[in-house]
Amino acid sequence: MKQKYFNALTHGASGKFGDICVFNQRNGSTCISKIPARRPGRGTQNQQRARGDFGDANAYAMEVLKDDYRKGIYQQVKLPGCNVQNMAVKDFFRAPEIMDVRTGEYTGVKGSPIKIWAKDNVRVETVTVAIYDAYDNLLETGAATVLDRGKTKKCKSSLWEYTAAATGNAQRVVVTALDMPGNAAVAEFQLEQRMPQLNSTAASEFQPELHLPQPNSTVAAFQPEQGLLITTTAVKAPKARTAAEVSDL
């Protein structure tokens, strides 16, 4: 607990007092806590895993204290009663969140944008976008650009924008957001199945292939004028009869 009133005997005290309590200094205040009890044995598997995780978090916090860039960021966002090390440990255990992905302006044409809103308890460091076609082939991938960090009362999410670098018949968008410790948030979105709206520049870059249906197979055919995906089934043609077979009928 935090010392509520000034006490000349305990002011500035630090360390263990017998086997009763421990004094710590935090942000200019004296904090008093019970001596932590050490349980016998190695503990359960989950307890050992938790100790290992806290060890990794503390190691990350030590790296932050040696890095002026990251240390400055944690210094700006630290909460009352917390120092940079506390904030770094807290950030280590909390992944970012992808709040929204807007694909309405993305038409499958080079230069069309995708907007992403993401947030973290400290900072979203990077956002990457990967675009796949209907056959799960990677069309393109790249880093989004941050437009607004968004640390205000009205909007706590940062705004990012990705500009398409290629033209293609996109089917799926995968967005990945990373924070400073490297925690990841991944969101996947299915796009409307539509042919890209080609202009004179993009038409030379995108040449759709013609795939003929195989006998007794199901194929997908686009009708651009309707913007719908129509599923049709190709039926095997009947075998032509010879003149002798016709005469036997």
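How are α2 and α3 oriented to each other? Before I answer, a word on conventions. This is a predicted model, in which local features need pLDDT of at least 70 and side-chain atom pairs count only at pLDDT 80 or more, while totals for chains, interfaces and linings use all residues. Residues are numbered from 1 along each chain as its sequence is written, and side-chain values use heavy atoms, with hydrogens and water left out.

To the answer, then. Helix α2 covers residues 68-77 and helix α3 residues 84-92; they pack at an angle of about 95°, and their axes are 9 Å apart. The two helices are therefore roughly perpendicular to each other, a label given to angles from 65 to 115 degrees, with under 35 roughly parallel, over 145 roughly antiparallel and the rest oblique. The axes are lines fitted to C-alpha atoms, for helices over the stretch in contact, and the angles run from 0 to 180 degrees between N-to-C directions. Contact here means heavy atoms within 4.5 Å. On the α2 side we find Lys 71, Tyr 74, Gln 75 and Val 77, which meet Val 84, Met 87, Ala 88 and Asp 91 of α3. This contact has 5 nonpolar, 1 polar and 2 charged residues. In this scheme Ala, Val, Leu, Ile, Met, Phe, Trp, Tyr, Cys and Pro are nonpolar, Asp, Glu, Lys and Arg are charged, and the others, Gly among them, are polar.

Helix α2 also packs against α1, residues 45-66, at an angle of about 105° with the axes 5 Å apart. This pair, too, is therefore roughly perpendicular. From α1 come Tyr 60, Glu 63, Val 64, Leu 65 and Lys 66; from α2, Asp 68, Arg 70, Lys 71 and Tyr 74. By class, the α1 contact with α2 has 4 nonpolar, no polar and 5 charged residues.

Let me now turn to the chain as a whole. It has 5 helices and 13 strands, taken as DSSP runs numbered from the N terminus: H or I of at least four residues for helices, E of at least two for strands. Of its 249 residues, 29% are buried, meaning under 20% relative accessible area, with exposed over 50% and partly exposed in between (1.4 Å probe, protein chains only).

How far can the model be trusted in detail? The mean pLDDT, the predictor's confidence in each residue from 0 to 100, is 75, and 66% of residues reach 70 or more. Over residues 194-249 the pLDDT is below 50, and this stretch has 61 contacts in the model beyond near neighbours in sequence. Where pLDDT is low, the predicted coordinates should not be read in detail.

Finally, two residues. Ala 185 is in strand β11, residues 184-190, and is buried at a relative accessible area of 11%. Leaving aside neighbours within four places in sequence, Ala 185 contacts Pro 96, Glu 97, Ile 98, Val 175, Thr 176 and Ala 177. Asp 136, by contrast, sits in the loop between β6 (124-133) and β7 (138-143) and is partly exposed, at 47% relative accessibility. The phi of Asp 136 is near 65°, a positive value in a residue other than glycine. Most residues other than glycine have a negative phi.
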